[in-house]
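I list what I looked up, in the order in which I looked.

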Protein chains: 2
Amino acid sequence: MELVKRVRRGDHAAASRSLSIVVNDEKDSEILAKEFFKASGSAQKVGVSGPPGVGKSTLTGRLIGRYRADKLKVGVLMVDPSSSISGGAFLGDRLRVMEHATDKGVFIRSLASRGMIGGLTYAIFGAIHVLETLGCDKILIETVGTGQDEVEIASVADTVLYVTTPSMGDEIQAMKAGAMEIGDIFVVNKADLAGKDKAIADLKAALGLGHSAGQAVKAWEPPVLAASAKNGEGIPELVRELDGHWKHLKASGEGRRRLKLQHATELQFWIQRRVIKSALERVTDKILEDMVLRKTDPASIGRKLLKA
Amino acid sequence: MELVKRVRRGDHAAASRSLSIVVNDEKDSEILAKEFFKASGSAQKVGVSGPPGVGKSTLTGRLIGRYRADKLKVGVLMVDPSSSISGGAFLGDRLRVMEHATDKGVFIRSLASRGMIGGLTYAIFGAIHVLETLGCDKILIETVGTGQDEVEIASVADTVLYVTTPSMGDEIQAMKAGAMEIGDIFVVNKADLAGKDKAIADLKAALGLGHSAGQAVKAWEPPVLAASAKNGEGIPELVRELDGHWKHLKASGEGRRRLKLQHATELQFWIQRRVIKSALERVTDKILEDMVLRKTDPASIGRKLLKA
């Protein structure tokens with residue numbers, strides 16, 4: 001298709017249009033998604049995860065800068081909570097990323113996290129394939145920082161970068177449990193604040209705990225780094241670890257294993273989106289009324305909808 | 001079926017067995033789920049939501065106590081993060097709930113939040129129908145407190161109780177945006193701590209903001225209460241508001257509207273679980289290899305799996 005060819009040649013406008021079609025499931029979305037899938041598969045997808053307020057966007061901005069200094073092409077996907085209330089605040093935080101918006105070697109796109117049938121995960125896959133076709137060497141995927149998208153990012157990214165700060169309170173600590181399992185590289189950002197050394201020690205201790213809890217020993221030992229994204233400190237070291245993890249993935253069977261997990265997940269969400277969409281289009285108010293009155297039940301209606 | 005009859009008669013062992021079958025999708029799960037659906041539909045389902053560490057479990061324990069004093073039968077569903085690391089800590093927090101575990105008028109069950117095909121939401125619906133059949137008048141559903149399950153609870157519960165504390169930091173504030181939209185009643189717990197009045201004022205301001213942001217005015221004005229679950233303060237007032245909301249739901253069209261939303265969601269997850277499960281069982285390593293090598297794509301494989 002013409003649009004795919006234009007994206008292959010590095011046309012940002014064509015990539016932007018393609019992303020809208022694929023993400024919003026517009027006309028010809030499926031044919032396009034197929035083409036993009038086939039043209040894709042070479043970039044390192046880095047998930048930038050962590051609780052709200054730890055400086056993920058500033059760090060992402062710094063990573064873009066480093067990659068650009070090495071003449072690499074960078075794609076950025078920012079997961080946005082679609083709430084009308086918080087929207088503004090999140091956009092404000094993302095100024096550091098948007099500094100790069102006019103650079104022709106950087107392609108940035110926000111993805112709304114709500115209201116998508118088949119979920120955000122499917123949309124992220126579609127977007128990744130477009131960015132890979134565009135020729136991006138690195139794709140940074142920044143999450144909102146809820147527990148759920150942390151788990152999801154592990155099925156989408158090759159490398160999960162988990163960001164925290166010295167000042168994270170106990171409430172946040174409780175949420176970190178899932179992160180211990182998915183993080184490949186940990187960064188204590190805002191390392192100019194008090195408590196950096198304790199935060200690093202705590203993280204290392206927690207990581208040791210996680211690995212002894214019945215899990216097989218990983219060949220990759222997740223490093224814990226300190227950084228100050230605001231001041232630009234610790235960024236070269238972080239990029240070195242990101243490159244190291246990418247090499248590790250390629251040299252070991254782990255890269256292939258993760259790619260298969262990503263494909264299995266994408267397949268699952270593809271099925272989910274198709275089936276759910278066509279089934280839900282046939283749910284009428286009468287059906288719901290009958291359920292309220294207990295004249296029917298989910299299984300009986302579900303079977304009918306699937307047969308149709 | 002015999003098991004359903006026993007649950008109807010108030011047999012806790014039968015309810016416990018039924019819950020395992022329905023939640024884990026064991027043999028006969030579908031037939032059972034149908035029966036429980038038909039026998040259910042009268043309890044007030046209260047979602048107890050809010051960030052980790054705000055005292056949701058202690059508050060839930062207090063609510064159980066009040067409802068029991070009024071001779072009401074109470075069901076409690078606790079969503080547990082299945083992480084091996086955090087599991088222990090969460091159980092510890094839940095001692096206040098477990099105090100009631102030996103009371104014959106209380107039925108408590110934990111639901112693991114990960115690894116379920118078709119998601120936690122479907123399992124919660126199944127569990128609710130069993131508890132309603134058991135004769136529970138009130139069903140309290142306590143979430144973990146990630147952003148995602150807050151959104152989900154709104155499709156499951158009749159009344160969403162959102163819990164916070166005076167000491168919640170800015171990071172948590174950012175996460176609250178979604179809560180503003182789903183909360184029917186707000187509680188500032190740990191009201192013995194400094195900052196209670198400011199927290200209440202902030203919440204009220206944020207709620208005002210939410211409502212003016214292009215949304216229709218609700219007939220129900222969400223109250224903001226102070227409480228100290230630890231000391232038992234503010235609990236009678238909270239129960240009064242919970243009863244008030246239940247009456248409001250019944251008197252207005254809102255209760256019926258929410259019930260329909262719950263049924264539509266349950267139907268969606270039923271379809272999802274059935275379809276995904278049978279499709280994924282046919283995904284082989286060969287298929288994933290072919291995807292890695294770009295010999296095929298999600299849409300082509302997905303269509304084949306759905307046809308089979």
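**Helix α2 of chain A**

I began with the length of α2(A): at 1.5 Å a residue its twelve residues should span 16 Å, and the end C-alpha atoms are 16 Å apart, which agrees. The expected span is 1.5 Å times one less than the number of residues. Helices here are DSSP runs of H or I with at least four residues, strands are runs of E with at least two, and both are numbered from the N terminus.

The model is predicted: local features need pLDDT of at least 70 and side-chain atom pairs count only at pLDDT 80 or more, while totals for chains, interfaces and linings use all residues. Residues are numbered from 1 along each chain as its sequence is written, and chains are lettered from A and ligands numbered from 1 in the order in which they are written.

Next I asked which residues of α2(A) are buried. They are A:A14, A:A15, A:S18, A:L19, A:V22 and A:V23. Seen down the helix axis, the buried residues fall within an arc of 150°, so they line one face of α2(A); the arc is that of the directions from the axis to the C-beta atoms. Buried means 20 or more other C-beta atoms within 10 Å of the residue's own, exposed means 12 or fewer, and partly exposed lies in between, with C-beta atoms placed from the backbone.

**Positive phi**

I then checked phi, since most residues other than glycine have a negative value. A:D25, which follows α2(A), has a positive phi near 55°. A:D28, in the loop between α2 (12-23) and α3 (29-38) of chain A, has phi near 70°. A:D28 is exposed, with 11 other C-beta atoms within 10 Å. A:K71 sits in the loop between α4 (56-69) and β2 (74-80) of chain A, and its phi is near 65°. A:K71 has 8 C-beta neighbours inside 10 Å and so counts as exposed.

**Strand β5 of chain B**

I turned to chain B and found six of the six residues of β5 (159-164) buried. B:T159, B:L161 and B:V163 are on one side, and B:V160, B:Y162 and B:T164 are on the other. β5(B) runs parallel to β1 (44-49) of chain B, joined by four bridges; B:V48 has B:L161 as its bridge partner. β5(B) also pairs in the parallel sense with β6 (185-188) of chain B over four bridges, where B:V163 is partnered by B:V187. Pairing requires at least two DSSP bridges between the strands.
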